[in-house]
Amino acid sequence: MYGLDTFAHSIAQSIRLSVRPEGTTIAINGAWGSGKSSAINLCVNHLQNEVDAGSIVIVRFNCWWFRGEEALALAFFRELRAALQPTLSAKAAEILPKLGANLLKAGSVVSPALNLFGLGGAGSMAAGTMNWLSGMIDEGDSVETLHQALADALRQSDKRLLVVIDDIDRLSPDEALLIFRLVKSVGRLPNILYLLAYDREIAEQVVTEHYPSEGPHYLEKIVQAAFDLPAPARTDLNKACLKQVERICGAPPQEQHTHILNLFHEVIAPEIQTPRDVLRFANALTITWPAIGSEVDLGDYLAIEALRLFQPEIFRAVRGNRSIVCNIPSERARREELSSQYDDALLAKVDAMEKPRMKRVLMRLFPPLEAVWSNVWHSSSSGRWAAQRRVCSSAHFDTYFRFSLSDDAAPRSDIASLIAEPSNTSLIHDMFRQAVNTIRGNGTTRAAVLLDELNVNASRFSDEAVLPFLTNLFQIADEVDVPQDRERGFEITGNNLRFHWLLRALTIERFSIEERSDLIRTACETASLAWLVDLTTSAHGQHQEREDRDPVREEDRLMTLADAQSLREFTLGKIRDAAGSGALLEANRLSYILYRWRDFAGDAEHEVREWASEQLSDDQSVAKFAHSFMSTSWGQGFGFNGLGDLVATPSDQVPTSGLDDVLDEQRFRERLEELEASTAISAEEQEIVSRYLAAWRAQDRGSDD
């Protein structure tokens, strides 16, 4: 994959053709993660024929399995003895542990454990003395004598021993130095070769600290041939990384290729310097992708993951500054001032040489930053970014950093299901009912999120899907228009308004006024009452001239005047039917419907007041009127004489004028006062009555003042 096979084959060929080697040591040098282990594995693979033929015995000494100099030294000699024993006489095989004992005693490196040499006896590596070695060391057995005897025995063998020691740079400095000392001390033995792998810079630093007079020359006395691992080609690293991405995340749609590759080459590729980087990136994707993959933009997700792994300071800075990376500045004149502020917030811990690239990285991920750093404005793109679930969309930002669906987003599968099955009434109704019953952390419902998601994805509906989808949606509109999602404080949104936005997104751009007028009129035939009244008011009102606004252009109107008037008559009939059946008292936004009934009725406006007055004889109906006519106002103190409020607080509000147009105001108040002390209604109804009267009396006092 990375072009190492030719290099490994050459090393294997050198080992294969070595004739009567005597402690020949070959080293492969490379930085951590550069592929040293892979090169060794390839090299061993190329020697398999010789291994099978019995001419080469390979001993892989996994030095990182052992911790401490004592354990390393004992394990080293045990591995050598185990490998040599089949080729040597019993007497000759005993020479190696004796040689080791003398060497180790001289170096004071080892604790007891005879059994590690395979010689039997008791011992524990927990205690550390050299007394146990005394029985193995004869006074006449010098290191030179034992070394010569072992050399003579090895010289008679027709086998060569290749000792492979990898990842020496993963050891502590003392442990790494011990490995070099062991190789050097056993060193010049016939038919033994060593293949070592380490980071040369780290190894030379370790040696220099212990042997400052020799420095790197110390290794030159041990290693006969050292080879730097060939660096993988940039194209090979990129190819391997993209192959892993496709394996884990699947093949991206063709239309996303440019976006993904732009981010890959700008953000990811510069961070992938070694094969280990590819593996590290792939391992991270394996864990995080299943959790959020279906809810994010693939290109943005890959880039954010690269920042998390390789640029954690940038990742943390972005995560903590959603407000500035997801919002386009409103004042172009302050660009220079903002640029400095954004540099401090996002790039404070970035090296000066890296800042230009990191700015490009962040602008790729967060186009709003271009308004600050490049004076490029994207004021009309926020809806598209939300539909694509880009990280620069405030609604989807948290998904990338919490590895779970953001509280501000609906599952992509839900949106896809609604778009794919616009005629599936039960699916649409069930999904919205479940959304209404799912309360988010801020107290609003998931229905608001679902409507917002549909709004930004409106273009994905086919023309044929619009009518059946709107028909099903209109039927459940009043259930979805819940108080939790209505305006609070300075917010002016609510699900009712979201329905209007979605309706316009689905119709204005794709249908002529005649086409959408007919479509809306058809969808309204089974619409829920409050939404029908609201839509009728809006559609008809677009044809009315008003002093406080410019006339609505025909291309921006929902319906033709004729259809709007027809819808008004239809809606008036629906209101009268609901009033006659008693359903009107249970309707959502009852007070709003009553005022609109009066408007729609024209000369028959008296019928509203007559119907409402009839209802005042019923205690529960009075409580329902109180509930409907009372609203909640959210306000904040601005602190003209001190610090202002940081949060909005609620207060009950009741109509101060116009109530008598739809209701006998005096009779209504009398009935409320009767019920205030009554036990004929429930505690909940009595609370509503008391709150209404308290707000009414407070307004009376304000009027007197």
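These legends go with several close-up views of one predicted model.

Because the model is predicted, local features need pLDDT of at least 70 and side-chain atom pairs count only at pLDDT 80 or more, while totals for chains, interfaces and linings use all residues. Residues are numbered from 1 along each chain as its sequence is written, and side-chain values use heavy atoms, with hydrogens and water left out.

View 1. Buried means under 20% relative accessible area, exposed means over 50%, and partly exposed is in between (1.4 Å probe, protein chains only). In a regular strand, side chains alternate between the two faces of the sheet. In β3, R160, L162 and V164 point one way, and L161, V163 and I165 point the other way. Strands pair if DSSP finds at least two bridges between them. Strand β2 (residues 56-61) runs parallel to β3 over six bridges, and V57 has L161 as its bridge partner.

**View 2. A cluster of aromatic rings.** Ring pairs link Y595, W597, W611, F625, F629, F668, Y692 and W696 into a cluster. Rings of Phe, Tyr and Trp (its six-membered ring) pair if their centres lie within 6.5 Å; planes under 30 degrees apart count as stacked, over 60 as edge-to-face and the rest as tilted. The structure has 16 such pairs. One of them is W611 with F625, edge-to-face, at 6.2 Å centre to centre and 90° between the planes. This pair links distant parts of the chain, with W611 in helix α32 (residues 606-615) and F625 in helix α33 (residues 619-629), 14 residues apart. W611 and F625 are buried. F668 and W696 make a tilted pair, with centres 6.2 Å apart and 40° between the planes. Here F668 comes from helix α35 (residues 665-676) and W696 from helix α36 (residues 683-704), 28 residues apart. Both of these residues, F668 and W696, are buried too.

**View 3. Arginines over rings.** A charge sits over a ring if NZ of Lys or CZ of Arg is within 6 Å of the ring centre and within 35 degrees of the ring normal. R521 does this over F570, 4.4 Å from the ring centre. R589 has its charged end over the ring of Y592, 4.3 Å from the centre.

**View 4. The second largest pocket.** This pocket has a volume of about 650 Å³. On a 1 Å grid over the protein atoms alone, a pocket is an open set of points where a 1.4 Å probe fits, with protein on both sides within 12 Å along at least five of seven lines; lining residues have an atom within 4 Å of a point. Grid points are joined across faces, edges and corners, and the volume is the space filled by probe spheres set on the points. Of the 26 lining residues, Q256, D297, A387, Q388 and R412 are the closest to the centre. Helix α20 (382-387) gives the largest share, three residues.

Methods: Helices (H or I, at least four residues) and strands (E, at least two) are DSSP runs, numbered from the N terminus.
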